[in-house]
Amino acid sequence: MGIVETKNLVFEYIRRDEEGNVEGITRAVDDVNLSVGQGDFIAILGHNGSGKSTLAKHINAIHYPTEGTVWVDGKDTCEDANLWDIRQEAGMVFQNPDNQIIGQVVEEDVGFGPENLGVPTQEIWQRVEESLKAVGMYEFRKYSPNKLSGGQKQRVSIAGVIAMHPKCIVLDEPTAMLDPNGRREVIRAVRALNDVEEITIILITHYMEEIIYANKVFVMDKGKIAMEGSPKEIFSQVEKLKSLRLDVPQVTLLAHELRESGLAIPAGILTCEELVASLSAIRRRRGWG
Amino acid sequence: MSIILDHVSHVYEAGTAMEFAALKDINLVIPDGQFIGLIGHTGSGKSTLVQHLNGLLAPTGGNIYYNGADIHDNDYNKKELRSKVGLVFQYPEHQLFEIDVFSDVCFGPKNLGLDKKEVELRSYAALKQVGLEDEYFYQSPFDLSGGQKRRVAIAGVLAMQPEVLILDEPTAGLDPKGRDEILDQIARLREETGMTVILVSHSMEDVAKYVDRIIVMNKGQVMFDNEPREVFRHYRELEEVGLAAPQVTYIMQELKKSGFDVDTDIITIEEARRAILDALK
Amino acid sequence: MLRDITLGQYYQTDSVIHRLDPRVKLVTTVCYIVSLFVVDNFVGYILAGLFLALVVKLSKVPVKFMVRGMKSILFLLLIALIFNLFLTPGEVVVSVWKLQITREGIRQAVFMAVRLVFLLMGSSVMTLTTTPNQLTDGMEKLLGPLRVVKVPVHEIAMMMSIALRFIPILLEETDKIMKAQMARGADFESGNLIKKVKSLVPLLVPLFISAFRRANDLAMAMESRCYRGGGNRTKMKPLIYQKRDRLAYGAVFCYLVLCIAFGKILL
């Protein structure tokens, strides 16, 4: 069994009007089956309101399934006895960098998780140091979070999760409120954790550039998984992505347009180099250069 | 008829240890009807700059003229200026406060002291301009989706019928489709009304398609001010300050290097497609 | 910029006083305030003055920096001075029109002024040398015994510390919303009181909504990091008394004894 598994996961919430009468039921997650292996880098894509954040919150036992089951490291999230183990093993980073930093000094914030777990003082300091180094924020350990940029704040939040020694980190749109530099910083830190520390990553996003590094991509729509596959497989379906309110990087789009115009370019081009290489091949076949 | 910035500078906390020059000697002319992209990374001074255009911030040096009058003259009507130069802040939906969508949009024109009929006419027109259906008009703004809330907030500024519309990162936090919808809507609006639009963004790809002119800010100064093609030609300098040209510019550069006979001034996918097909003929 | 406002201003430097346990500083401050009300003769005030001078010297906070903070209470000081000067009955020294200055009045006024200045300087030494976070930690630990009578000491300390963290963020947000509403023609300055209060609605509603959203997000973030109240928690920076803290307690005790011994004898 993988580190995170869901079976026929359904989550419904009741909409109420101002008097508290039931107006209707919204099915935010609808029959989702997910299997994530240890050390994977998973990306979950979807437009706003597609249910991807709701799904993510199940992995950290913030939401509980209405139907179906979620297992984290083999433990059912519905059982109360597992709650704190699950939250320690599957850490979570949220969207708004300001609303998840508790400490008034960077190092104190990173120490917050281990403090809650009852880790001995000596070891807390050790973990804080390691975690801040892993995200490249060690030199800022004495700073007030208010003095940091958005990307730096998100890296502190990631360090705060790593310090709890999780097996898996769920990042719920960690870059949505950042500028391009901040986005790059965060994605770089996340990739390093996956490569070096072999921590399982579940990245939730609607920025297509960020999923290129994933082993597997799930695309959500209306609470269901609409597409799944490698980034290449996903990006080869430009029209389908567009219909799901998503787009593709410009290079993929250009390759797609050229293919539609009759050039023999493979589907699912992800980088500039790939496109240049395949265009050069076409040119050679046509007998110049 | 235009906005003129004449040697404008702005220093925060002057004379203290926290002294910080956010704008340094900015000289700009913004003529009527232009569609401008104002680009720069966080802290480059772009947000400080736009707050000077409607008089929310006063320059610590230099002058700003709107239609020939200095906006910081003692007898200048600031309130009227703010109705003429509409500013939509980042995450504008965070400023919604009324019980229903329609009343919220009425807030701006009501502050201008217009009569009730005029206020309602303008608000209705503004909501139509942002493409919000009638069924949402009497709902609480807080029950709408993110994209809809943002439209309502933009309508709140449009209802004052500004001559200049400034939008500070209007697409932040929206998904790709939501982003395209808002930008298309703004472009259409500008075509219909002919108003000056200034789009503040940190994404070149977003603005390249729409604007006539790009102003790049860096460390409180204007780094480039030209039409998009000309600005993107400096993609290396842009990279040095943490910005980038659209990806398609890079593709064309790479193709050129591999010996393709293509123009490197290309900024949209459609142009690139045609150029590549031509080169392979 | 609003984000640079810090509450209970902390003066960043490294000194013996900075390094003391916050509990020592809290207890000392309370003792010092008590001592100011116990003593009522010149020897007592000289003692209190010496003690304060010593602590300020050790704290390495520039005296100029502290005096600047005193300016705001100058007005209060003057009022206290005038009231005491003219309204204390006793042996008349000077008499101007209907007002009389008495010997007791002069004495009382001088003592009152000195007492106020010492009191404020004494407590500002504490806030200048202790971060708000250390203060809440110190308070949590000192008030710990109250847990027996079901006072949620840890929760109160946590709330204080979160409030301190979010004050600059909310101030910045207030500024932003205000500007955004001004861009829509809102006027926060002119008009009578009722109009002014009404004009705050477009500011306060978004501010409250934002504060609630932040609170909600923060609660979720804390839970997801296994926060479950004060029980079973360890501390990254536990408060442990060092030798210097015990010495400081000793010094404070000696000071109190001296104050009672010499400061209470009327001259």
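**Figure 1. The two domains of chain A in the predicted model.** The structure shown here and in the following views is a predicted model. Domain 1 of chain A covers residues 4–231, and domain 2 of chain A covers residues 249–289.

**Figure 2. The contact between chain C and chain A.** Chain C contributes 27 residues to this contact, and chain A contributes 30 residues. On the side of chain C that touches chain A, at least two residues come from each of the helices α7 (132–142), α8 (153–183) and α10 (201–224) of chain C. The largest contribution to this side is made by α10(C), which gives 8 residues. Sorted by class, the side of chain C that touches chain A comprises 13 nonpolar, 9 charged and 5 polar residues.

**Figure 3. Secondary structure and dimensions of chain B.** Chain B contains 11 helices and 10 strands. For its 281 residues the globule rule gives 19 Å, and the radius of gyration of chain B, 20 Å, is close to that value; chain B is therefore as compact as a globular protein of that length. The C-alpha trace of chain B spans about 65 × 50 × 35 Å along its principal axes.

**Figure 4. Burial and contacts within chain B.** Of the 281 residues of chain B, 46% count as buried. Among the contacts in chain B with a separation of 6 or more, 63% are accounted for by residues 24 or more positions apart.

Definitions and conventions:
Residues numbered from 1 in each chain as written. Chains lettered and ligands numbered in written order. Predicted model: local features only at pLDDT ≥ 70, side-chain atom pairs only at ≥ 80, totals over all residues. Contact = placed C-beta atoms within 7 Å. Helix = DSSP H or I, 4+ residues; strand = E, 2+ residues; numbered from the N terminus. Nonpolar A, V, L, I, M, F, W, Y, C, P; charged D, E, K, R; others polar. Domains from an automatic or database assignment. Rg over C-alpha atoms; globule rule 2.2 N^0.38 Å. Buried ≥ 20, exposed ≤ 12 C-beta atoms within 10 Å, placed from the backbone.
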